[in-house]
Amino acid sequence: DILIVGIRGYDGSGEWGKGEWLADTIILASFNKENNQGALISLPRDLYFEIPKYGKEKINAIYSIGETQNYGGGGLQLMKAAVSMISGVYIDYAVSIDFMGFQKIVDHLGGIVIYRNTPFIEDKQWMYDGEEGKEYWRLSEHASTTESGATTTEPGWVFYVPAGSNIMNSEDALYYARSRYSSSDFDRMRRQQEVISAIKSKALNLGVLANPVKIFNILD
């Protein structure tokens, strides 16, 4: 049983204190060695948890609390204890990965393929993040209400993934895995597992397995 924790991480620009250690991806991966089958279980980031000698806190803050108390490993240690208590499962190993590490993995794989039965539209979260000429961005009019009650519109970006097979680079995959304002955190958890499955499928591709440089870069 392996705990996978996804954090924002520090991008090297500006000051600390922007939620670098908040664990918005919390997945328990269970592998059955007898039948070689695995399962992924996501834990909601807003689940409240009683931390001994600390009090109640959202589970996504536990990694940050652990790192503050014991930098360089305390976050994973505390997360392992918390998720073990919640799930009733002894956790053998834990790993954390930040945005930069996630993108590097997708880059080394040469992108991933996401298949959708229906389009995915995030029209609230990334109004100012899009860029002209990028495949999954559309410029649209966004409505907002002023304090006086008047409705105004302003141009803003929409992250749009059409139905069908979509080849995503590391930046696209990160936006896809992070989006949640237009849907829900439960939908985001499902899409995060979808991304992990796409990474697994690409990693098992002969072009990756037969390339030791790619394998070692991904491990790094």
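Since the model is predicted, local features need pLDDT of at least 70 and side-chain atom pairs count only at pLDDT 80 or more, while totals for chains, interfaces and linings use all residues. Residues are numbered from 1 along each chain as its sequence is written, and side-chain values use heavy atoms, with hydrogens and water left out.

Starting with the overall picture, the protein chain has seven helices and 11 strands; these are DSSP runs, with helices being H or I of at least four residues and strands E of at least two, numbered from the N terminus. Along the principal axes, the C-alpha atoms fill a box of roughly 55 × 50 × 35 Å. Of the 220 residues, 35% count as buried, where buried means under 20% relative accessible area, exposed over 50%, and partly exposed in between (1.4 Å probe, protein chains only). Contact here means heavy atoms within 4.5 Å. Among contacts with a separation of 6 or more, 56% come from residues 24 or more positions apart.

As for the surface, the accessible area of the protein chain is about 13100 Å², and 54% of this belongs to carbon and sulfur atoms. These areas come from the Shrake-Rupley method with a 1.4 Å probe, and for residues only the protein chains shown count as cover. The chain carries 21 positive and 28 negative charges, whose mean positions are 4 Å apart. Lys and Arg count as positive and Asp and Glu as negative, leaving out His and the chain ends; each charge is placed at NZ of Lys, CZ of Arg, CG of Asp or CD of Glu.

Now to the strands, which pair if DSSP finds at least two bridges between them. Strand β1 (residues 2-7) runs antiparallel to strand β2 (residues 23-32), with six bridges joining them; leucine 3 has leucine 28 in β2 as its bridge partner. On to strand β3 (residues 37-42): β2 pairs with β3 in the antiparallel sense, again over six bridges, and serine 30 stands opposite alanine 39 in β3. The two strands β2 and β3 form a hairpin with four residues between them. Asparagine 36 sits in that loop and has a positive phi of about 55° although it is not a glycine. At 58% relative accessibility, asparagine 36 counts as exposed.

A second hairpin is made by β4 and β5, with three residues between them, and lysine 53 in its turn has a positive phi of about 65°. Four bridges join strand β4 (residues 48-51) to strand β5 (residues 55-58), and the two run antiparallel. Glutamate 50 has lysine 56 in β5 as its bridge partner. Leaving aside residues up to four places away in sequence, lysine 56 touches Tyr48, Phe49 and Glu50, yet lysine 56 counts as exposed at 61% relative accessibility.

Last come the aromatics. Rings of Phe, Tyr and Trp (its six-membered ring) pair if their centres lie within 6.5 Å; planes under 30 degrees apart count as stacked, over 60 as edge-to-face and the rest as tilted. By this rule there are seven aromatic pairs. In one of them, the rings of phenylalanine 120 and tyrosine 176 have centres 5.5 Å apart and planes at 80°, so the pair is edge-to-face. This pair links distant parts of the chain, with phenylalanine 120 in strand β8 (residues 120-122) and tyrosine 176 in helix α4 (residues 170-178), 56 residues apart. Phenylalanine 120 is buried at 5% relative accessibility, and tyrosine 176 is buried at 0%. Elsewhere, Trp126, Tyr136, Trp137, Phe159 and Tyr175 form one aromatic cluster.
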